[in-house]
Every structure is written in structure tokens, then in C-alpha cells.
Amino acid sequence: MDEIRQSTEKTMVVASGRAHPELAQEIVMELGTELLPMSAYDFANGEIYVRSSESVRGKDVFLLQSHPAPLNNWLMEQLLMVDSMKRASAKRITVVSPFYPYSRQDKKGRGREPISARLVADLYKAAGADRIMSVDLHTDQIQGFFDGPVDHLFGIPLLADYIREQVAGEEVTVVSPDTGRVRVAERWADRLGGVPLAFVHKTRDLTQPNKAESKQVVGEIEGRTCVLIDDMIDTGGTIAGAVSILKDAGAKDVIIAATHAILTPPATEKLSTCGAREVVVTNTLPIPPEKRFEQLTVLSIAPILARAIKEVFTDGSVTTLFEGEA
């Protein structure tokens with residue numbers, strides 16, 4: 001009897017939007033492959049056009065897009081890429097958003113507010129995404145917004161291992177910028193060898209974006225090197241204010257560590273003059289020369305993303321990348 005047999009071999013392709021081509025190139029170099037050729041441009045009225053230059057039928061597609069300013073443009077471009085891959089009969093589509101867009105709007109702080117992070121997840125799903133991969137979500141609950149697998153990757157191992165080398169032999173305290181990130185600070189403290197914790201008490205005016213005032217620090221910091229951690233730095237006002245509070249309270253040195261360097265002006269000016277010894281970030285977002293300053297250190301997140309992409313493609317375990325923390 002004649003039979004029709006189908007090959008069980010899988011094929012993976014990595015495509016990228018235009019927001020952060022440097023990171024995309026680093027990732028495919030780690031994977032030992034090349035980016036899927038894409039045609040992408042803007043019409044005169046701002047509409048975006050995207051099209052794969054090669055067939056993706058039956059393939060596992062990983063769509064990478066960073067979301068710097070103008071965030072809405074890059075989000076729309078990524079959604080169009082997802083839709084184009086779905087209509088081109090891709091077998092599985094994984095959205096790779098190292099910095100998840102609208103992640104700060106993950107709940108209703110006041111009446112009549114949107115939950116924008118949930119809306120973004122719905123948009124990804126409606127466009128045709130089967131899976132989402134992101135780094136250091138603003139809050140863990142965002143994982144539940146998407147109706148499908150979410151790979152929540154961590155920048156802590158990369159950042160903490162680097163900082164541990166910089167503070168070897170020093171007395172260290174990990175400082176959370178607010179009470180909401182104490183659990184993350186605990187992971188940092190464990191990674192740095194069980195060092196003490198502290199946190200900065202601050203207030204925020206919900207009617208004013210990017211407005212928060214640091215009040216006082218709670219914890220043992222006098223004469224110690226403080227590692228001030230956060231998931232993102234936007235205008236830099238909150239983190240710079242926290243540095244001032246720590247210095248006034250007797251901290252010997254302050255090192256700032258954050259995964260996502262948004263660095264909206266005047267962040268560069270604030271961070272370079274706030275008194276921090278070093279500001280350590282990753283390249284989940286592009287950091288052009290005009291945003292860089294002497295104390296800034298940028299670590300590449302590409303190896304972590306590449307390993308996670310490989311594990312997903314081969315049906316391996318992403319959790320093992322983070323020693324059971326994922």
C-alpha cells in the first residue's frame with residue numbers, strides 16, 4: 001500500500017523588527033544562524049508594511065522586537081509581523097519582547113483606568129502569537145494575562161554575577177527602591193551570598209507620570225556598599241533620589257542595577273551626577289551614544305535570550321537556565 005509520510009524534523013527561524021537590530025544580530029550569532037530576511041518600511045502617513053522575504057510555512061518563528069520610544073510604533077510593527085507569519089502558515093509563533101510594552105500599567109490604581117499590560121497580551125494573542133518570551137516583567141502577574149505559555153526570563157544572574165565581582169571583599173547591602181520589589185531584592189541578596197536587605201520608602205502622585213519622591217531608608221546601610229536594584233530606569237528621578245537618601249544615611253558607595261534602561265531625558269544627566277559609583281544595565285533596549293555616560297556599564301542579554309529560544313525550540317526546560325527560579 002502506498003503511504004504518505006511526513007518528516008518530523010522541525011525548522012526554526014528568527015525574525016526581528018527594526019527597533020534594536022544590534023541585539024537581534026547578537027542573538028542569532030549565539031544561535032549560530034541568521035535573521036530571516038524581512039522587508040519593512042513606513043508609508044508617508046505612518047502606516048507600517050512588513051513581509052518576510054522567505055517562506056515560513058511549517059516553521060517555528062521567533063519574532064524579536066524591542067520597545068524603545070516611540071513604543072507604539074514598534075509594538076504595531078511587531079503585531080503586523082505576527083499577523084504576517086500567521087497568514088504565511090508558520091507552525092508556531094513566539095513573540096520575543098525583552099522589554100514588555102505597557103508593563104507598568106498592570107492593574108487599576110484608580111477608577112476608569114485601563115489595564116494596558118493585559119490589552120497588549122490580548123493583542124499578541126489576537127494577532128496570532130502562540131507564546132510570549134520576556135525579561136524581568138514589572139510584576140509577575142503579567143504572566144497570567146496571556147492565554148498561552150509565557151517564558152519569564154531573569155536578568156538577575158547576569159547583573160548580580162557581574163556586581164559580585166565588583167564588590168568582592170566589601171560589606172554589601174541590597175536595597176529595594178520600594179516595598180513592592182522586596183521579593184526581587186531577596187533573590188539578589190541570595191545571589192550575592194546572603195547579604196542584608198534594605199528598602200527605600202517613597203510616595204507617588206498617581207496623577208503625575210514619572211513622579212515619585214524618596215523619603216527614607218529602612219535597613220542596615222551605614223558604611224556599606226549599597227546595590228540599589230530596579231527592573232527599569234525611565235527618567236531616573238526616583239533612582240537618583242534613592243541614591244541621595246542612601247548617601248545621606250551613611251552609605252559608603254552606591255551601585256545601581258536595572259534590567260531595562262529606558263533612559264528618557266533627563267535620565268542621563270541625573271544618573272551621571274547622582275553620586276552612584278556605577279550604573280549597570282542590560283541591552284534589552286537600545287542605548288544610543290547620546291544616552292551613555294562614564295559610570296554606565298551595559299551587559300548583553302543576548303546569551304540568555306538565545307539559550308531560552310533554543311530550549312523552547314527543542315522542547316527543553318527554560319527553568320533550568322535560572323537554577324529553578326523561573
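Which residue in β7 is the bridge partner of V135? In the predicted model described here, that partner is L153. The two strands concerned, β6 (residues 131–135) and β7, pair in the parallel sense, and four bridges join them.

These strands belong to an open sheet of five strands, arranged in the order β1-β4-β5-β6-β7 with parallel pairing. The edges of the sheet are formed by β1 (12–16) and β7 (150–153), each of which pairs on one side only. On average, neighbouring strands of this sheet are turned by 15° against each other, direction ignored. Helix α1 (residues 21–31) packs on the sheet, where it touches β1 and β4 (60–64). The direction of α1 makes about 165° with that of β1. Helix α8 (residues 302–313) lies across β1, β4, β5 (92–97), β6 and β7, and α8 runs at about 155° to β6.

Within the sheet, S134 has its place in strand β6. The relative accessible area of S134 is 1%, and this residue is therefore classed as buried, the cut-off being under 20%. Apart from neighbours within four places in sequence, the residues in contact with S134 are S97, P98, F99, Y100, D151, H152 and L153. One of these contacts, L153, is also the bridge partner of V135.

A pair of helices was examined next. The axes of helix α2 (residues 71–87) and helix α3 (residues 116–127) come within 8 Å and cross at roughly 25°. Because angles under 35 degrees count as roughly parallel, α2 is roughly parallel to α3. On the side of α2, the contact is made by L75, Q78, L79, V82, D83 and K86; α3 contributes V120, L123, Y124, A126 and A127. Classified by residue type, the contact of α2 with α3 comprises eight nonpolar, one polar and two charged residues.

Helix α5 (residues 182–191) has both buried and exposed positions. Its buried residues include V184, A185, W188, A189 and R191. These residues cover an arc of only 160° around the axis, so they are on the same side of α5. On the other side of α5, R183 and D190 are exposed. Just after α5, G193 takes a positive phi of about 100°.

Terms used:
Residues are numbered from 1 along each chain as its sequence is written. This is a predicted model: local features need pLDDT of at least 70, side-chain atom pairs count only at pLDDT 80 or more; totals for chains, interfaces and linings use all residues. Side-chain values use heavy atoms; hydrogens and water are left out. Two strands pair if DSSP finds at least two bridges between them. Axes are lines fitted to C-alpha atoms, for helices over the stretch in contact, and angles run from 0 to 180 degrees between N-to-C directions. Contact means heavy atoms within 4.5 Å. Buried means under 20% relative accessible area, exposed over 50%, partly exposed in between (1.4 Å probe, protein chains only). The arc is that of the directions from the helix axis to the C-beta atoms. Angles under 35 degrees count as roughly parallel, over 145 as roughly antiparallel, 65 to 115 as roughly perpendicular and the rest as oblique. Ala, Val, Leu, Ile, Met, Phe, Trp, Tyr, Cys and Pro count as nonpolar, Asp, Glu, Lys and Arg as charged, and the others, Gly among them, as polar.
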